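The sequence and the structure come first, and the contacts follow.

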Amino acid sequence: MSNLPKLTDALLTLEDRVAVLTFNRHDLRNALTGSHLIDDIVNTADWANHCDDVSVLVITGAGSAFSAGGNVRDMAERGGDFAGDVAECADRYRKGIQKIPLALQGVEVPVIAAVNGPAIGAGFDLANMADIRIASEKAKFGETFLNLGIIPGDGGAWLMQRLIGYQRAFELTLTGRVVEASEAKELGIVLEVVPADELMPTVMKIAKRIASQPPKATRLTKRLMKMAQRMELKDFLDLCAVFQGMCHNEPEHLEAVNRMLESMAKR
């Protein structure tokens with residue numbers, strides 16, 4: 001097995017090409033600030049990009065919450081990441097929680113969020129950074145920054161409108177209301193809602209199906225889907241041609257083709 005990075009407040013496992021990152025500060029409801037989870041997430045993202053044994057990254061939370069986002073006690077005390085004047089606070093955001101969206105945006109393998117419980121504030125935005133979200137029926141989602149007199153400082157306003165459209169994202173952000181898992185599915189925030197005891201089996205079934213695909217082509221396909229969001233069609237097709245040429249010259253392509261031919265011959 002590949003060497004796993006040393007994490008402080010999260011657990012990491014790797015089996016059958018599926019890495020599972022579990023936030024393990026349930027005493028803080030897996031708050032991202034006031035813990036070491038920011039660095040744990042960033043380090044895991046970098047490791048996944050450099051580990052050829054990883055084809056899928058699953059993120060989830062231990063305990064009752066997925067992530068409560070920012071540490072409200074630190075906010076009340078103007079301490080931790082929220083201390084200092086405007087320049088100092090802004091610098092902490094750039095060097096702190098804003099590292100998460102940049103790191104997860106750059107993850108080369110598919111990322112699946114197994115949302116086991118409330119995903120609030122930056123925890124909600126963290127879930128939205130994944131490629132797929134599967135929710136437990138116990139999950140709740142809230143873009144609650146305005147309720148605290150602050151803005152989504154981690155990129156939430158950029159993320160959510162790309163996921164569910166401007167109008168729906170605007171309403172959730174400006175009202176700060178919390179939605180149940182069932183409504184989150186209706187809004188298109190999550191792909192599926194399942195009973196709590198079926199969450200990880202459901203997620204792992206999807207993850208293992210993806211992980212069974214040729215790994216290099218899987219990484220290229222995710223890269224293409226991300227780049228398609230910001231490229232013109234003609235330029236995108238040129239890129240597809242190059243990536244396809246790369247795939248046709250990979251041993252995994254011929255292995256997959258031969259498996260299919262063998263399967264067809266048995267019919």
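The side chains of D131 and K222 form a salt bridge, with N and O 2.8 Å apart; a salt bridge is counted when a side-chain nitrogen of Lys or Arg is within 4 Å of a carboxyl oxygen of Asp or Glu. This pair links distant parts of the chain, 91 residues apart: D131 is in the loop between α5 (122-128) and β6 (132-136), and K222 is in helix α10. The model is predicted, so local features need pLDDT of at least 70 and side-chain atom pairs count only at pLDDT 80 or more, while totals for chains, interfaces and linings use all residues. Residues are numbered from 1 along each chain as its sequence is written, and side-chain values use heavy atoms, with hydrogens and water left out.

Helix α10, which holds K222, spans residues 215-227; helices (H or I, at least four residues) and strands (E, at least two) are DSSP runs numbered from the N terminus. K222 is buried at 8% relative accessible area, whereas D131 is partly exposed at 30%. Here buried means under 20% relative accessible area, exposed over 50%, and partly exposed in between, with a 1.4 Å probe and protein chains only. Polar atoms of the K222 side chain also lie 3.1 Å from the backbone oxygen of V107 and 2.8 Å from that of V109.

**Other salt bridges**

The whole structure has 12 salt bridges.

| Pair | Closest N to O distance |
|---|---|
| D39 and K99 | 3.1 Å |
| K234 and D238 | 3.9 Å |

D39 is in helix α1 (residues 37-50) and K99 in helix α4 (residues 99-105), so their bridge ties together parts 60 residues apart in sequence. D39 is partly exposed at 36%, and K99 is partly exposed at 28%. K234 and D238, by contrast, both belong to helix α11 (residues 233-248) and are four residues apart, about one turn of the helix. K234 is exposed at 62%, and D238 is partly exposed at 44%. Elsewhere, D9, R25 and D27 are joined in a network of salt bridges.

**Aromatic pairs**

There are four aromatic pairs in the structure. Rings of Phe, Tyr and Trp (its six-membered ring) pair if their centres lie within 6.5 Å; planes under 30 degrees apart count as stacked, over 60 as edge-to-face and the rest as tilted. One of the pairs is F23 with F66, whose ring centres are 5.6 Å apart with planes at 70°, so it is edge-to-face. F23 is in strand β2 (residues 18-23) and F66 in the loop between β3 (56-61) and α2 (72-76), so the contact ties together parts 43 residues apart in sequence. F23 is buried at 0% relative accessibility, and F66 is buried at 0%.

**Cysteines**

How many disulfides are found in the whole structure? The search finds zero, a disulfide being a pair of cysteine sulfur atoms within 2.5 Å. The cysteine sulfur nearest to that of C240 belongs to C247, 10 Å away, too far for a bond. C240 is partly exposed at 22%, while C247 is buried at 18%.

How values were computed: A polar contact is a pair of N or O atoms within 3.5 Å; within protein, one must be able to donate a hydrogen and the other to accept it, and residues adjacent in sequence count only if both atoms are side-chain atoms.
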